[in-house]
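I opened my notebook for this one and jotted down what I looked up. Have a look along with me.

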Amino acid sequence: MSARSPWLRLVAEPAALAVDSLRTHRARSALAIAGIVIGIVTVVLVASVLANARNQVALLFRDLGTENVFAFHLTGDPYVTPNEKEARRTPLKLSFIRDIQRLGTAIRDVGAQVIVPTASNGQVLVARAGGNESDTVLVEGASPALFDIIGAEFSRGRPFTELEDREGAHVAVVGASLARALFGSASPLGQTLTLAGDTYTVVGELQKRRGGFFGENRQDNVLNLPAGTVRKRFGDPDRLVLYMRAKPGQREECFRQAEAILRLLRKLPPTAENDFTLSTADQIIATFDGLSVRIGLVTVGLALVSLLIGAIGIANVMFISVTERTREIGLRIAVGARRRQVLVQFLLEAAFLSGIGGVAGVVTALGIGLLLTLAVSGFSAVAPAWAIVSGLVASVSVGIVAGYWPAQQAARLDPIEALRHE
Amino acid sequence: MTLLTPTVYVEGFREALATVRSNPLRASLAGLAMAAAVATTAVVQTGLNGLARSAREASARAFGSDSFVLAKFSAGNLSRRALADKIERNPNITRSDVRFLDNVAGDRVLYAATAQRPADVIAGGRKFENATINGTQAALFDIRDVGIARGRPFSVREEIDGAPVVVAGSAVVDALFPGADPLGQPVRIGGRGFRIVGIQAQQGTAGGVSLDRYIWMPIAAYERAFGAAASLQVFAKATDVERTRLAEDHARVSMRARRHLRPGAAETFDIITPEASRSFVTAITERLGAAGPPISLMALIAAIVVVTNTTLVSVTQRMREIGIRRAIGAARANVLVETLAESCLIAFVGGVAGLAAAAGVLSLASGAVGIPLSLEWPTTIGSLAAAGLSGIVAGWYPARRAAALDVINALRQE
């Protein structure tokens, strides 16, 4: 601690004084730290929950392929009832697959997903196998290439073949959750299930997909049939989503070509607006982020109130400390301490208090988050690195801001007046 | 002197006031912390209440607040399977069912058989697509307030005759007759001509669905234009609002009797009450708002810690004073009450300031969000109670410490 660096001298001595003062007022310091801990725990936990929910949703869409362009005749979720204005648009057709493949030079593969209404004419889709049944099953038609395009991995079996699709074979590929619901832990391969009066043989089982809303990914509950089979059995599709995989590095071009080809296929005059929606995983995530940012701002803002209160606690303790040590400060200034040193001393004391609170708060938040993640299934509250870092930075800066006013009061003390203070 | 002597409290409060006055900065910072916490709690609570209320009002607008609906089935919270069973098993509700209900009920329950479908409305070369066309009975206007701003509902006479008259929603007339008076104008619906006799005031939306796209016409006229609906919805209401529950039971029993359902047999129809649709709405708001209360509770805990700290410092600094007062006769109870009074005073005044701040924030926010938000009595009283209680919790430890002070040791303090 020699006087080698002037900066060190400016900091080292006040730091020692600060630690000293914390030691002499344990209860008071501990409570001030506790205030910051509560604030940081709230902020970091809220940020963790939000960040994880957001990442899960992002993963859900990214899992459908970041190089893919999706086309649907409506705006929005294919499982949601369309709004009145768009209800009149005609759906996309299975025959588009071949046309797009022929015309789109930047498009590597085209797949189609046909959504079968879960209830029609008072009949509801229920899948049965053995003694088990699922009435929450989602039935989708898939063209043979679809599984590859969306990167669905098979834990058992295989995708549909071109022949099965063309001939409308009664074969099925089941999602992971559906397989468990219908067949338990046994292998579903080669087993049969019935749906709307028909029997289907399971030829493949998909692995659990990643991401989801509140831990659920609806793809895991899907019963996939060949798109051709769906058309034979349920008629021309009302809701068909096209998945177009771009050739490497050509997603923009793929997007443009898809738009041009679809306009051509749907015979739109040059002035008409698109009567379909093209999107990419990134676009969907960006839209979703717009919403989650707003929710995030409100909740994090609420959480910040706790931190603000913690800061008020620090400021209060610092004021008390300055008042109590008026004589001491006066004496130090009288014997030659510079005002800057006094300022730094109190700032350091405040930063020290809130810094300890920050570290303790982050550790506590990590612990609670871990417990929550383990205890509540499908819920994740693991703090992301940025939340930890900003928690620590926030705590220290909150301390400095809260300590500035009291520290300045101390530094401005008139030594004569201060020494007269009893 | 014990805790049961009333003067202890008066004196304690006076002492506390003096202590707070002599340290204005410290006390006001602690009060500020409590104010921030109370304001957060109050704003969150009011915001959640406001959301729930606006959702409830929207469903009441769509539904009528003390009416109920008898229908073949309600989608509700059923699984897909149970819903399918119901759709398959339950018989359709027909005009003759409604006539039967009407006859049995006499003038105790009002019923209005209603059929609904979407159709286009055409007038003067303009077309309004996908309006919601309702064929109903004149009683409907006594059951639900459809909010007729101008003109009149159709009459019982017109209902019986199936007269070609309609009451139209504001979105429909605004689109078809911009700048002109729609009242008395002809429109074409389902290939037939109708005359507008009433216009609804703007109703807004319920659950994202516009309520201003409605057309109300006599059910006989509806059937002439579109054919009879497979199954009817029956809107119903007790003639005496106090007897809503009774009317529901009456409808249930009448319908069971008509369908010869044995005691214990499941109903082959559904009665949808406002409570049922309301609980659905509340479930959604609860899920959305679940994060609010815990977060504001954390703020309150942080504020309690700050007030505890301030009171503790105050006790520590006045150790000698407390020692002297104890030595010359003050009881432990005096010291205890005085310290608690100090923390409560800080917390309570902070709470009041917080409420004032909350009221300001809310009046700004209600303009921005478009939902009327103002402090309600339960929230106000709850927040003040929370602030007072926080004061007691915060003061507990310092007060115990002050009361347990050893007189000799305290006097020895420099």
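First, my working term: a nonpolar core is a set of buried Ala, Val, Leu, Ile, Met, Phe, Trp, Tyr and Cys residues joined through C-beta atoms within 7 Å. Buried means that 20 or more other C-beta atoms lie within 10 Å of a residue's own, with C-beta atoms placed from the backbone.

A note on the source: this is a predicted model, where local features need pLDDT of at least 70 and side-chain atom pairs count only at pLDDT 80 or more, while totals for chains, interfaces and linings use all residues. Residues are numbered from 1 along each chain as its sequence is written, and chains are lettered from A in the order in which they are written.

Entry, cores. I looked up the largest nonpolar core and found 119 residues, of which Ile309(A), Ala33(B), Met34(B), Ala36(B) and Ala303(B) touch the most other members. Another core lies apart from it, with 62 residues, including Val69(A) and Ile261(A).

Entry, chain contact. I counted two residues as in contact if their C-beta atoms lie within 7 Å. Chain A puts in 34 residues and chain B 33. On the chain A side, α9(A) gives the most, with 15 residues.

Entry, domains. I noted domain 1 (6–60 + 287–420) and domain 2 (74–275) in chain A, with bounds from an automatic or database domain assignment. Their C-alpha centres lie 52 Å apart.

Technical notes:
A residue is buried if 20 or more other C-beta atoms lie within 10 Å of its own, exposed if 12 or fewer, and partly exposed in between; C-beta atoms are placed from the backbone. Helices (H or I, at least four residues) and strands (E, at least two) are DSSP runs, numbered from the N terminus.
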